[in-house]
Amino acid sequence: MTTIYVPCDSAARSVGADEIAEALAAALPEARIIRNGSRGMLWLEPLVEVDTPDGRVAYGPVTSDAVASLAEALPTAAAHPLRLGVTDSLPWLARQQRLTFARVGIVDPRDPDDYVAHGGLAGLRAAITIGPAASVEAVFDSGLRGRGGAGFPAGIKWRTVAQEAAEQKYVCVNADEGDSGTFADRMLMEGDPFLLIEGMTIAGLSVGASVGYIYVRSEYPDAITSLRAAITAARERGWLGADILGSGQAFDLHVRVGAGSYVCGEETAMLESLEGRRGMVRPKPPVPAIEGLFGRPTLINNVLTIAAVPFILEHGPEAYGALGTGRSIGTQVYQLAGNVLQGGIVETPFGITLRELVLGYAGGTRSGRPVRAVQLGGPLGAYLTADAMDVSMDYESVAAAGGMLGHGGIVVFDDTVDMAQQARFAMQFCAEESCGKCTPCRIGSVRGVEVIDRIIYGDAPEANRLLLIDLCEVMTDGSLCAMGGLTPMPVLSALRSFSEDFERSDHDHR
Amino acid sequence: MTTSHTPWSPESARALLVEIDEPGPVLVALQTLQAAFGYVHSDSIPIVADVFNVSRAEVYGVLTFYSDLRTTPPLDVEVRICMGEACQAVGARSLRADADALIGPSCDVQNVFCLGNCALGPAAVVNDRMIGRADASTLRDAVMATGAGA
């Protein structure tokens, strides 16, 4: 029997994967069609694969017009204008080293048996065998750092929560992936939800938390559906519940859905939102590890941080620690986005250069025009120039270059971009999304838009540039969280590196 | 979109709310009401406050904080256009500028910040359907496909 894979990833669906799957099912009623996650080569979606003795063979991007001829080719993996070859041998994939994304696009995300058949649960079994204290130390020794953006050592958080004595502790996964240019959390939740469940369960057993929450943004309906189905399946199999894998230990988890607020990706605002309130940032200390959700010790990690844990427990901290460069340990899931020819997921050890990602993997711009600016780390990240692309993509090197690695999102702009407008947008976005708790962020962002407008209009531009720099200093030093504290990053990097755009006479003066 | 919603009434709102058994329930309660009725009727505020023993001010505060929550019935077609940087890099600003004229009065056009489809932008959502590499014509087709007319 022919087995055909058509992704159910929402990016693939946005370019017609559902229609292709339906049409193939009608044309090949004998075939088994599996809706997998995406292999991460998003420019080739919908990417259809067929099982062969040599491995899966890929065809893409498949259009409705091509279905009839494709249906003839698929059963024998025959030649076709869209045939790309054996998927695993495609250079784009073959050069990557996928740990976190090892199963995404391979397994059926709805099928727990498929998860186990592809090595799932080995990390959880190892954690149960070595016990909670050794599991926490394994995470500490691995050198794993938080993938949400700040890069804080995960082991320190785990130790802190584990050491707290409390009747109730929590594990919260931050899946409020609001940064433009990032979609790795979404693809993981849609393509391999059991990995996140396994990682959270290890975290819960290790730090002594019996309840977990996944806070998913409402813009990710497919991820929410996928996670909820996986949690139900995991409960049925005893992977969650009162007696996890017969260990006698309890852990259960719940999905909570956001409501369209960017600042709820900040960990303390997320806690407020999980408690059902306005997503207002809390001052720190106390840190959530000591006083978090409902006032209890709470481990908060990003999706990708937690998803790295099963590998660490299964293969040992040394295996993970051997990857990467300097203090940036392990692999990073880079996301190529914006004006790129070949957008998608590149998982590789830290240390690859930005140039290799943007010009190598992504193949430059989709428009065919020269790359002018690259924004790293979402709306709060710096804009780098095309000349700065030799930077090594690890936490320290990017910071030294005046940027922020953040969640690994890379947004490419061609030479038609107006960087004064991008700087203005950064302030406008902050004004829109500020929780309003602290003045530098709430008021500063509004003033920032006004000052940038004056510079653009040519109203005392020199004096207003100084004012903008001063305002940015106040926001950086005086804001309660990264929202106001980092908004100056894109603004000042644009002003510094693309100064000429603030003097253009062709601005749209609306 | 509106057809799938039940008409609002205080009794049916209360019946839904008393079923909610979660810690920190106010946001979940408002999301539940919106999912059922398409919006959160302002008369729900005292009911939520009563059921969960919180102040009306707190309920109002939550209701007005989150951009997903709405207090008026939705139009037949809801178009959300991603204005994240990755989509701006491939023309989201001009798509947004064209959208109002393109789509017509039965549609509610809104900005959204990131739909997680950043490699295949510009991204847009028409009711529940996401469109990648959106342009004026695919957007109009998607609106027509809802059956609501443009």
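The legends below describe close-up views of a predicted model. Residues are numbered from 1 along each chain as written, with chains lettered from A and ligands numbered from 1 in written order. Local features need pLDDT of at least 70 and side-chain atom pairs pLDDT 80 or more, while totals for chains, interfaces and linings use all residues; side-chain values use heavy atoms, without hydrogens or water.

**View 1. Overall fold of chain A.** Chain A holds 21 helices and 16 strands (DSSP runs numbered from the N terminus: helices are H or I, at least four residues; strands are E, at least two). Its radius of gyration is 23 Å, close to the 24 Å from the globule rule for 510 residues, so chain A is as compact as a globular protein of that length. That radius is taken over C-alpha atoms, and the rule is 2.2 Å times the number of residues to the power 0.38. The C-alpha trace spans about 75 × 60 × 40 Å along its principal axes. Of the 510 residues, 63% count as buried (under 20% relative accessible area; exposed is over 50%, partly exposed in between; 1.4 Å probe, protein chains only). Among chain A contacts between residues at least 6 apart in sequence, 71% join residues at least 24 apart (contact: heavy atoms within 4.5 Å).

**View 2. Surroundings of A:Val15.** A:Val15 sits in the loop between helix H1 (10–14) and helix H2 (17–27) of chain A. Beyond neighbours within four places in sequence, A:Val15 contacts A:Glu45 and A:Pro46, and also B:Leu120, B:Gly132 and B:Arg133.

View 3. The structure has 35 salt bridges over all chains (a side-chain nitrogen of Lys or Arg within 4 Å of a carboxyl oxygen of Asp or Glu). A:Glu267 and A:Lys284 form one of them, 2.7 Å from N to O. A:Glu267 lies in helix H12 (residues 267–274) and A:Lys284 in the loop between H12 and strand S9 (298–302), so the pair ties together parts 17 residues apart in sequence. A:Glu267 is buried, at 17% relative accessible area; A:Lys284 is partly exposed, at 41%. A:Arg282 and A:Glu272 meet in a salt bridge of 2.6 Å, N to O. This pair joins the loop between H12 and S9 to helix H12, ten residues apart. A:Arg282 and A:Glu272 are both buried.

View 4. B:Asp108 bridges to B:Arg70, with the closest N and O atoms 3.4 Å apart. B:Asp108 is in strand S2 (residues 107–112), B:Arg70 in the loop between helix H4 (56–65) and strand S1 (77–82), 38 residues apart. Both are buried. In chain A, salt bridges link A:Arg39, A:Glu49, A:Asp51, A:Arg56 and A:Asp88 in a network.

View 5. The whole structure contains four cavities of 30 Å³ or more. A cavity is a set of points on a 1 Å grid over the protein atoms alone where a 1.4 Å probe fits but cannot get out; lining residues have an atom within 4 Å of a point. Points are joined across faces, edges and corners, and volume is the space filled by probe spheres set on them. The largest cavity holds about 60 Å³. Its lining includes A:Val263, A:Cys435, A:Lys437, A:Cys438, A:Cys441 and A:Cys481.

**View 6. The second largest cavity.** Its volume is about 50 Å³. A:Ala127, A:Ile128, A:Gly131, A:Pro132, A:Ser135, A:Leu205, A:Ser206 and A:Gln249 line this cavity. Helices H6 (122–130), H7 (132–142) and H10 (193–207) of chain A each supply at least two lining residues.

Notes
On a 1 Å grid over the protein atoms alone, a cavity is a set of points where a 1.4 Å probe fits but cannot get out, and a pocket is an open set with protein on both sides within 12 Å along at least five of seven lines; lining residues have an atom within 4 Å of a point.
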